[in-house]
Amino acid sequence: MKIKDIRDLTTPELRARLKEEKDKMVRLQLNHAVSAIERPSDLRFARKFIAQIMTVLRERELEEQQQ
């Protein structure tokens with residue numbers, strides 16, 4: 001999902017998606033701790049995606065404060 005697609009989502013959708021992605025990352029980390037996962041790069045992509053969502057949410061918070 002590109003940043004443009006993330007920005008198109010509403011704030012409640014972003015919060016829900018953030019929760020889903022954090023849960024997904026925890027599962028990936030647990031699976032990786034037990035045995036090596038097939039694609040360790042999935043962990044990196046999950047962290048980046050979570051950071052992108054959090055960035056967009058923070059931008060929206062700052063916009064609301066300015067208004």
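## Glu59 and its partner

Glu59 is partly exposed, at 30% relative accessibility. This comes from a predicted model. The side chain of Glu59 forms a salt bridge with the side chain of Arg7, at 2.5 Å from N to O. Arg7 is partly exposed too, with a relative accessible area of 41%.

Where do the two partners, Arg7 and Glu59, sit in the chain? Arg7 belongs to helix α1, residues 3–8. Glu59 belongs to helix α3. They are 52 residues apart, so the pair links distant parts of the chain.

## Other salt bridges

How many salt bridges does a search of the whole structure find? The count is 6. Side chains of opposite charge can pair when their charged atoms come close.

One of the bridges joins Arg58 and Glu61, at 3.2 Å from N to O. Both residues lie in helix α3. They are 3 residues apart, about one turn of the helix. Arg58 is partly exposed at 43% relative accessibility. Glu61 is partly exposed at 31%.

Another bridge joins Asp42 and Arg39, at 3.4 Å from N to O. Here Asp42 is partly exposed, at 23% relative accessibility. Arg39 is exposed, with a relative accessible area of 52%. The cut-off for exposed is over 50%, which means that 52% puts Arg39 in that class.

## Arg60: a buried charge

Arg60 is found in helix α3. Arg60 is buried, yet has no salt bridge. Which side chain of opposite charge is nearest to Arg60? That is Glu63, 6.2 Å away.

What does the side chain of Arg60 reach at 2.7 Å? The answer is the backbone oxygen of Arg7. Arg60 also has a polar contact of 3.2 Å with the side chain of Thr11. Leaving out residues up to four places away in sequence, Arg60 touches Ile6, Arg7, Leu9, Thr10, Thr11 and Leu14.

## The nonpolar core

The largest nonpolar core has 13 residues. Ile6, Leu14, Leu18, Leu28, Ile53 and Leu57 touch the most other members. Helices α2 (11–34) and α3 (41–66) each supply at least two residues of this core. The largest share, 7 residues, comes from α3.

Take Ile53 as an example. Leaving out residues up to four places away in sequence, Ile53 touches Ile6, Leu14, Arg17, Leu18 and Glu21.

Definitions and conventions:
Residues are numbered from 1 along each chain as its sequence is written. This is a predicted model: local features need pLDDT of at least 70, side-chain atom pairs count only at pLDDT 80 or more; totals for chains, interfaces and linings use all residues. Side-chain values use heavy atoms; hydrogens and water are left out. A nonpolar core is a set of buried Ala, Val, Leu, Ile, Met, Phe, Trp, Tyr and Cys residues joined through side-chain atoms within 4.5 Å. Buried means under 20% relative accessible area, exposed over 50%, partly exposed in between (1.4 Å probe, protein chains only). Helices (H or I, at least four residues) and strands (E, at least two) are DSSP runs, numbered from the N terminus. Contact means heavy atoms within 4.5 Å. Lys and Arg count as positive and Asp and Glu as negative; His and the chain ends are not counted. A salt bridge is a side-chain nitrogen of Lys or Arg within 4 Å of a carboxyl oxygen of Asp or Glu. A polar contact is a pair of N or O atoms within 3.5 Å; within protein, one must be able to donate a hydrogen and the other to accept it, and residues adjacent in sequence count only if both atoms are side-chain atoms.
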